[in-house]
Amino acid sequence: MPPANVSSTCRSLSTSSCETSPRKDFGEATAMREIAGELRRWRKAGQAVAVATVVETWHSAPKPAGSSMLVGPDGTAVGSISGGCVEGAVYQLSQDVLVSGVPVLRRYGISDTDAFEVGLTCGGTLDVFVQRIDHVSFPELDEVLASIADGEPVAVVTCVHAESTPTGRRLIVWPDRTAGSLGSTRLDDTATDDTRALLAADRSAMLRYGHDGQPGGDELSLFVDCYAAPPRLIVFGAIDFAAALARVGSFLGYRVTLCDARPVFATERRFPDADEVVVAWPHRYLATQAQAGQLDERTVVCVLTHDPKFDVPVLQVALRIPLAYVGAMGSRRTHDHRMARLREAGLTEAELARLASPIGLDLGARTSEETAVSIAAEIIANRRGGSGSRLSLRSGRIHRENPA
């Protein structure tokens, strides 16, 4: 269903009855975290703010669903919803909503030939929902921010379009409880069930129902913004490359664990960017984490020890767990010897095919920092389905329609 307010310069585009957005990009997974400081500051002062959120995108939109920008009562702007393309127009709209208190859903999108009229030069299309947030309109905000800070999964369900009722109502959904209401018990129950499924998959979505939660309707459009616990990056090997990778991994939004069996090297002082430093044999630690349910299909494992007594046992464990990425550092010779040992240990060719070794993309990296960037680039390419080649050598759209 098209938004109630559509800019006259925007080209029309019909929407599907239920559009699921891809998992947030690395940076956008922390969108709420980026504006949390300003939210807390203004909330403590008892003042309202306006928050603009991308709720749906098509084609080469510069930012994914969930991207947010906050506008404070003093004109402060934090965050981004388009990488600069339509920030000016949304900023002005946010100031208007801050005064009126009336939520607005607006579409920005225009053909490439006319893009400079609104600044959306990429030719994509995005729907932006702008709302005023204060103690009255969003009493659950403090609890939501606390859950995000603690890594507790939480989803905010907001009514962004309704044919006959006010927009802006919201339901907060945790795995074990809810708060707020969308207006009726039936709608709350239906939305809660669907939201928990999305939260488990760490996916945001636009859900559409009938006016009382009936499946297949389009009278109501609900944007579900999911905040699962951050994905994990587990780095084995307390070496300088690991310190650089921990820094890059933290920047990308991962919860970073550094693990090494040698206590003299595995110290918090040497790895200040890691969320935790563990002294343990790598294979034992990974197996224990798997048994405890602390790993999932978003988890990334990087083995940087290039020492067979460490890396072969831990890779035997890692390659038999459904993880997002498993990479190992070493020369071509080290790689060949490692593969031979893994085959001797009984790993199948299918399991071995999951190993990225030697780790990283060919960037010509030399320093620890450059190597960390090459590893991070391969992780991103693996997650998004990228080729790792230069964009200047490719044709067609830069952004894929349905990234993983």
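Start by selecting Arg41 and Glu38: they sit three residues apart in helix H1 (residues 31-44), so about one helical turn separates them. Helices here are DSSP runs of H or I with at least four residues, strands are runs of E with at least two, and both are numbered from the N terminus. An α-helix has 3.6 residues a turn, so residues three or four places apart point the same way. Arg41 and Glu38 form a salt bridge, with their closest N and O atoms 2.8 Å apart. (A salt bridge is a side-chain nitrogen of Lys or Arg within 4 Å of a carboxyl oxygen of Asp or Glu.)

A word on what you see: this is a predicted model, where local features need pLDDT of at least 70 and side-chain atom pairs pLDDT 80 or more, while totals for chains, interfaces and linings use all residues. Residues are numbered from 1 along each chain as its sequence is written, and side-chain values use heavy atoms, without hydrogens or water.

Now colour by accessibility: buried means under 20% relative accessible area, exposed over 50%, and partly exposed in between (1.4 Å probe, protein chains only). Glu38, at 18%, counts as buried, whereas Arg41, at 39%, is partly exposed.

Next, select Asp127 and Arg107, whose salt bridge has its closest N and O atoms 2.6 Å apart. This pair links distant parts of the chain, 20 residues apart: Asp127 is in strand E7 (residues 125-133) and Arg107 in strand E6 (residues 104-109). Both residues are buried.

Finally, go to Glu369 in helix H10 (residues 368-384). Its C-alpha lies 7.4 Å from that of Leu245, although 124 residues separate Glu369 and Leu245 in sequence.
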